[in-house]
Structure formats: structure tokens, C-alpha cells
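Please read the following points beside the sequence and the model.

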Amino acid sequence: MARIVSRGITKSYPLPHGTGRQVALQSVNLEVEDGEFVCLLGPSGCGKTTLLNIVSGLDGEYEGDLSFVRSGALVASTERPRIGYVFQEARLLPWLTVWQNLRFVLDRGNLSESQLGQRIAQWIERVGLAGFENYYPGQLSVGMQQRVGLARALIIEPEVLLMDEPLSALDELTAMRMRDELVRLWMERACTVLFVTHNPLEAVYLADRVVVMTSSPGQIVAELRVNELLSRPRDLEDARVWALSRKAVQLLENAVAKKAIDG
Ligand code: ADP
Ligand code: MG
């Protein structure tokens with residue numbers, strides 16, 4: 001497991017036409033503890049994906065410091081913890097089957113091909129896709145594709161799991177089922193999770209801690225320590241979940257209004 005430490009992360013993009021740059025993130029300080037499940041809640045366009053891309057290492061062009069701490073020791077900047085990333089759309093390789101998509105991300109290491117095969121079979125089973133090993137992504141529903149995306153991120157046994165609105169393309173019933181599966185898998189394996197969402201109820205239902213961002217340029221302005229108020233497993237019928245979700249909505253509204261006032 002690893003702790004994520006980001007300090008003063010600022011990121012701007014060149015504007016499409018002409019000169020100037022648009023600031024997408026402004027001095028973002030965020031720490032995610034070892035094994036903690038943090039939901040980053042913010043309006044569309046506030047820089048959530050930008051932040052995940054930076055944390056994942058996909059985007060190396062930013063100001064500020066990003067580091068990882070493992071067992072109390074700073075991870076060398078030349079090294080990275082093992083990171084799993086689940087995107088908003090599954091982004092599977094369309095010419096590979098479910099089985100092959102999972103095999104693709106696995107390093108052989110010192111495992112035999114049959115041990116790898118067993119691991120793949122286990123993950124296919126865990127995400128409820130037994131029987132679909134030889135299907136191509138185009139032959140699966142969006143929800144099933146997202147399950148493959150989740151298995152692909154988890155099969156590498158990540159120390160850090162990044163998730164970018166992974167359930168927002170699903171119908172609400174499927175999303176509800178997958179939230180429970182996600183929590184179950186996380187509780188079994190405990191990795192550090194940074195989960196991005198614009199959905200306050202989802203954030204409260206999933207997170208140990210909800211961190212709230214303003215609209216663009218994204219800044220972190222509030223947090224809600226859900227785990228101090230709710231134990232697990234949680235129940236969507238629980239009135240406290242709804243009360244906290246209303247609180248999260250308020251924090252989000254304040255964050256957006258603050259931006260409107262501050263300019
Ligand atoms: P979110 O994920 O919260 O919806 P994003 O991180 O995708 O927000 O985007 C934040 C801001 O940065 C938006 O205004 C968006 O238009 C801009 N942006 C994102 N990616 C790029 C890019 N590759 N080039 C230019 N601008 C971008
Ligand atoms: Mg996004």
C-alpha cells in the first residue's frame with residue numbers, strides 16, 4: 001500500500017486558439033492515507049480527471065510536488081507504486097477478448113502461464129463474468145465492460161487504485177450493484193483509493209472521506225469525514241447516509257458559489 005501526497009499541484013493547458021493558458025488546477029493539496037478510500041467530489045470540468053492523470057503519471061507536466069510514501073519511507077521519484085486506473089469508459093482493447101485484455105496487463109514475473117491463467121480466471125469470476133472469457137468488448141454491455149475494466153485495474157494488485165467516474169455511464173441499478181462489489185473487493189484487499197465522482201450520494205456511500213473541489217480552476221475547499229459517522233457495510237436506506245449526502249450537496253453548492261463570488 002502507499003500514501004499519496006500532493007502539494008501545491010497547479011496545472012494549466014494551452015488555450016486552443018491563440019495565446020494564453022487555462023488554469024485547470026490551482027494549488028491542490030491532497031493526501032490519501034494508506035488504505036484510505038477518498039472520493040473527490042466536484043462539478044464537471046473542475047479538473048478531476050486532470051488530477052488523476054497527474055497522480056497516475058500519465059501527465060507529467062504540472063507545477064508542485066507529487067510523491068508516494070510506502071511504510072513510512074518516501075518512494076523514490078524514479079519508482080512508482082503499482083497503480084491501477086479505471087477510466088470513465090472501460091477503454092478495453094477491442095481486438096482482444098476479455099481473457100486477453102486481462103492477460104495483456106500482467107507481467108509474467110516468475111509465474112507460470114498456468115498460474116497466470118488461474119489468476120485471470122479468479123478475477124473474471126470475482127467481477128461476475130464467468131462464461132464471458134472469450135467475448136470481445138463489443139459483445140458486452142457497458143456495465144460488463146466496466147467490470148472488465150475494474151478487473152484489469154485490480155488484477156495487477158495495485159497499491160493505489162484511481163477511478164475516474166467509473167460508474168457514471170451505467171444505469172443506476174447496475175451502478176448500485178457495482179458500488180457494493182467495489183467496496184467488497186477493496187475491503188478484502190485494502191489498497192489506497194482515489195475515486196472521482198460528481199455524485200454526492202455515491203461519494204458518501206463509498207468513501208472514508210469526501211474531498212470537495214470548486215469549479216474550474218479546481219481547488220480543494222472542504223472535506224467530509226464520513227468514516228467517523230458511518231461504519232461499514234453501509235446501507236442506502238440508512239437515514240444517516242441521506243443526511244450526509246445532503247451535507248455533501250451543500251458543500252458542493254458552497255464550493256461552486258465560492259468560485260462564482262471569488263471570480
Ligand atoms: P473534470 O474531469 O473535472 O470534468 P477535466 O480535468 O477533464 O475536468 O478538465 C478541467 C479543465 O481543463 C476543463 O476546463 C477542460 O476543458 C480543460 N482540459 C482538460 N483536458 C484538456 C486538454 N487536454 N487540453 C486543454 N484543456 C483541457
Ligand atoms: Mg473527468
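This is a predicted model: local features need pLDDT of at least 70, side-chain atom pairs count only at pLDDT 80 or more; totals for chains, interfaces and linings use all residues.

1. Two strands are taken to pair if DSSP finds at least two bridges between them, and helices (H or I, at least four residues) and strands (E, at least two) are DSSP runs that are numbered from the N terminus.

2. Residues are numbered from 1 along each chain as its sequence is written, chains are lettered from A and ligands numbered from 1 in the order in which they are written, and side-chain values use heavy atoms, with hydrogens and water left out.

3. The residues around ligand 1 include Tyr13, Gln22, Ala24, Lys48 and Thr50, a residue being near when one of its heavy atoms lies within 4 Å of the molecule. Among the polar contacts (pairs of N or O atoms within 3.5 Å), an oxygen atom of ligand 1 lies 2.8 Å from an N or O atom in the side chain of Gln22, and an oxygen atom of ligand 1 is 2.8 Å from an N or O atom in the side chain of Thr49. At Cys46, a polar backbone atom is 3.1 Å from an oxygen atom of the ligand. Taken alone, ligand 1 exposes 560 Å², of which the protein buries 61%, the areas coming from the Shrake-Rupley method with a 1.4 Å probe.

4. Strand E2 (21–32) and helix H1 (48–56) are the elements that give two or more residues to this shell, and the largest share, three residues, comes from H1.

5. Four aromatic pairs are counted, with rings of Phe, Tyr and Trp (its six-membered ring) pairing if their centres lie within 6.5 Å, and planes under 30 degrees apart counting as stacked, over 60 as edge-to-face and the rest as tilted. Phe132 and Tyr135 have ring centres 4.8 Å apart and planes at 65 degrees, so the pair is edge-to-face. Phe132 is partly exposed, at 25% relative accessible area, and Tyr135 is partly exposed at 34%. Phe37, Trp186 and Phe195 form one aromatic cluster.

Notes. A polar contact is a pair of N or O atoms within 3.5 Å; within protein, one must be able to donate a hydrogen and the other to accept it, and residues adjacent in sequence count only if both atoms are side-chain atoms. Buried means under 20% relative accessible area, exposed over 50%, partly exposed in between (1.4 Å probe, protein chains only).
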